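Take a look at the chain below.

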Amino acid sequence: MKEIIAQNFSKGARNYDRFAVIQKRSAKNLLKLISKISYTKAIDIGAGLGELTSKLKNCIGVDISPQMCKFMEEKKIKCVCADAERLPFPHETFDLAVSNFAFQWMNIKKAMKETHRILKPDGSFALSLPIEGSLSKLFSAWQKVSVLLNGKQDKLFRFPSYNTVIFYAKKYNFRIKYRQIKSEKIILPSVPEALNYVNKIGARNPYGLKKIKKQFYKEFCKEFFRPEDKGYPISYKILTLILKKA
């Protein structure tokens with residue numbers, strides 16, 4: 001699945017800046033929190049186009065997508081194309097790790113363990129990721145139509161739960177210094193536009209879906225529309241943590 005995720009984000013790299021609206025809001029919030037942390041050397045895990053990397057001193061970006069890394073290099077951002085679950089750095093290299101809208105694509109256990117490994121004692125980890133409950137209206141509408149027309153639910157991407165993230169943070173000896181759960185939403189006037197804010201940045205369902213039939217798409221449009229929003233919502237439940245390596 002990692003190869004599919006890397007391919008999807010490589011395909012979405014060119015459009016990322018345009019459609020990653022909520023992701024940029026989250027990065028801005030994370031930067032405010034990071035500004036209060038003292039550090040000398042930082043790593044941005046799942047850096048994307050380097051939104052955070054470029055704004056932090058002495059920071060290197062790491063991303064699994066070759067195309068994302070290519071764009072970072074073109075912007076003169078120091079980066080390495082690598083898997084966050086097997087980071088190519090020695091133990092205790094950094095005193096700050098950051099990650100925004102990336103950990104949800106990883107094995108939380110392995111990625112948390114690796115982040116702990118490359119951090120110096122008393123190092124900080126600033127993390128934001130969408131958790132269970134994200135894209136809930138979209139997923140609910142899709143599954144309702146899938147059951148109606150196909151007799152079963154589709155296999156969709158599952159966001160990690162709050163409890164899973166907290167469990168592995170504590171398991172790998174991180175102290176929680178700050179936590180926040182915040183909902184972010186944008187309303188789009190049409191289904192194609194709403195889906196662009198997911199698919200165009202590379203955040204496609206990694207399990208893949210068969211070509212959508214006209215009847216399915218028609219029913220999905222009806223189910224996805226939210227009268228209370230007067231449109232089609234793309235919403236995320238975002239967990240933000242400041243962790244300290246014990």
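**From outline to core**

Nine helices and seven strands make up the secondary structure of the chain. Helices (H or I, at least four residues) and strands (E, at least two) are DSSP runs, numbered from the N terminus. This is a predicted model: local features need pLDDT of at least 70, side-chain atom pairs count only at pLDDT 80 or more, and totals for chains, interfaces and linings use all residues. Residues are numbered from 1 along each chain as its sequence is written, and side-chain values use heavy atoms, with hydrogens and water left out.

Start with the outline. The C-alpha atoms of the chain fill a box of roughly 55 × 35 × 30 Å along the principal axes. Of the 246 residues, 54% count as buried (under 20% relative accessible area, with a 1.4 Å probe and protein chains only).

Now go inside. In soluble globular proteins, nonpolar side chains tend to be buried together. Here the largest nonpolar core has 33 residues. Such a core is a set of buried Ala, Val, Leu, Ile, Met, Phe, Trp, Tyr and Cys residues joined through side-chain atoms within 4.5 Å. Leu138, Phe224 and Ile234 are among the residues with the most contacts inside the largest core. Elements that give two or more residues to this core include α6 (136-150), α8 (191-199) and β7 (232-245). α8 gives the most, with five residues.

Pick out Ile234. Beyond its neighbours within four places in sequence, Ile234 is in contact (heavy atoms within 4.5 Å) with residues including Ile22, Leu138, Ala194 and Phe224.

There is also a second, separate core. This one has 31 residues, among them Ile43, Val62, Ala84 and Phe103.

Definitions and conventions: Buried means under 20% relative accessible area, exposed over 50%, partly exposed in between (1.4 Å probe, protein chains only).
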